[in-house]
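Colleague: I have the model open and would like to know what stands behind the words you use for it. Could you take me through a few of them?

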Amino acid sequence: MFPRVRPRCFRVWEALAFLLMIGGVCGKLRALDTPTMQAMIIVEGDEGRGSGFVVKMSGKTYLITNSHVVRGNHNVKFRNLQNVELATGPLEIAEKADAVRASVIGVSDALELEPQLDKVKIGDEVIVAGNSEGEGVVREIPGKVVGIGPDRLEVDAPFVPGNSGSPILLKSTGRIIGVATYMKFPDARKSGKSPFSLNEVRRFGYRLDTVAKWIRPKAKDRLMEEGTKLAEMESLFTSVTAIVDSNAPFVMKWGASSFVSKHRAQQYPTFATLSRTIDEFTAEYSAANGVEARNKSAANFFGKIKGMLSEESRGLSEKQFSGYYAVQLKEVLGRYKEFSDWYDGTSTAAYREAWLNAESFAARRFTIPPIDPEKFKFVLSDRRADDEPADHCHHVTYPPDSQPANLEGLYWTIVEPGGSRRSYQISRSSLWVRTPADGNYKVFIEFRIGEKPKVVSNVIEFKYGNGEPAKPSTEVPVTSPAPSGNK
């Protein structure tokens, strides 16, 4: 009897193994097979990196990425994983979604759109695949659908900077249900109460099946011109916000280069004007004698800044921009108007006085709970411009959309050669790092409420002097561990 039983057991196991193999093939347990991988695209340009993919739609083959990936990003190149640059047709922009497409020819591997997206359910497994953190490699990031809307999806796949433009693939079919676009923290300042944790990063992608219209401007380079203008306006507003969130002593100590890079000043006349305006203020403030004179210099400074924003937006309207760029222009013009309304309000004088007296204006929202350092992590990146001054060459940033509602207790920390530290309370999403001495530098963000500071970011490392700057580190100090979390 025994000799007969054993072969029968083996046959049972063989049958089970065969069924598992069939299930694995039919169920697409791994979406990133070879054809899928070859449809992935790495987007590179002078101002940043992102992701893209090749897809069949409307009877043609297109390359797709986010519009914000190419916006203001000069000399953009689209490369596949064989390092072949794709030849593309003119860019077209979606009417109301953050996406652009361009026709491609001679490409054998292309993804497909999910034809039954209306049957996708919350809880369905997905994979986001793309150029995570702009490192030039495609990674597979698993997750689930956690929300569905008429024009976008929400997923919990923890995609990060560099994944903008990545396809969101339905794991059961390997087909596209959206394009990864942005991250967001719920803002407790607006809602008072939120059903979401302040530390929960929410990740969204636009649906492509509901894009009603793709727009191609008549002028050949018009879409890139619109994107460049938007990028300039947004960067200017970021610089102005940084000035307003700092204070007079900081501006006096570090000057225009802390807010306007040499590269920007050379690229855009507006930034050259802002740089001169800051220099004029520092000269006028230094020569001021007495409180009244200093107040006058600050009033002139803020007035010139308001004038720059007004001039930058003069004559612009949504009708002049195409598709989603028109949507973004409306948002930018709204922020410009908010600044103008604030400037004309009654609080300006008191604000200016605090600014002169070195009081930080970064909102200290004591009514909002601080972040949980055990659940939160900033994702820092470093951009180094070769034409920057030798002692001011690194620009460390985190995505503005990933900023929590409460910045209390959060500090930029710079560890200089020899171990000495400099720290600045966070008021904005970027930091210019000066490197006056030869040696290794480290930059990270610390949370300083409680018994012991905790590192809540990756560590950016670079060297000044002998040797090339090191690549940013993805590790955090062993003594202050911080869990992952962020785009």
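Colleague: Let's start simply: in which strand does Y424 lie?

Modeller: Y424 lies in strand β18, residues 421-425; strands (E, at least two residues) and helices (H or I, at least four) are DSSP runs, numbered from the N terminus. A word on the source: this is a predicted model, where local features need pLDDT of at least 70 and side-chain atom pairs count only at pLDDT 80 or more, while totals for chains, interfaces and linings use all residues. Residues are numbered from 1 along each chain as its sequence is written, and side-chain values use heavy atoms, leaving out hydrogens and water.

Colleague: Why is Y424 called partly exposed?

Modeller: Buried means under 20% relative accessible area, exposed over 50%, and partly exposed in between, with a 1.4 Å probe and protein chains only. Y424 has 24%, so Y424 is partly exposed. Leaving aside neighbours within four places in sequence, Y424 is in contact (heavy atoms within 4.5 Å) with W254, L410, Y411, W412, I414 and L431.

Colleague: And what makes S51 buried?

Modeller: S51, in strand β2 (residues 48-57), has a relative accessible area of 1%, so S51 counts as buried. A polar atom of the S51 side chain lies 2.7 Å from the backbone nitrogen of N131.

Colleague: What makes S58 exposed?

Modeller: S58 is at 65% relative accessibility and therefore counts as exposed. This residue sits in the loop between β2 and β3 (60-65). S58 also has a positive phi of about 55 degrees although it is not a glycine. Most residues other than glycine have a negative phi.

Colleague: Why is α9 called roughly antiparallel to α10?

Modeller: The axes of α9 and helix α10 (residues 323-344) come within 10 Å and cross at roughly 150 degrees. Axes are lines fitted to C-alpha atoms, for helices over the stretch in contact, with angles from 0 to 180 degrees between N-to-C directions. Under 35 degrees counts as roughly parallel, over 145 as roughly antiparallel, 65 to 115 as roughly perpendicular and the rest as oblique. That makes α9 roughly antiparallel to α10. Among the residues making the contact are F302 and L309 of α9, and Y336 and F339 of α10.

Technical notes. A polar contact is a pair of N or O atoms within 3.5 Å; within protein, one must be able to donate a hydrogen and the other to accept it, and residues adjacent in sequence count only if both atoms are side-chain atoms.
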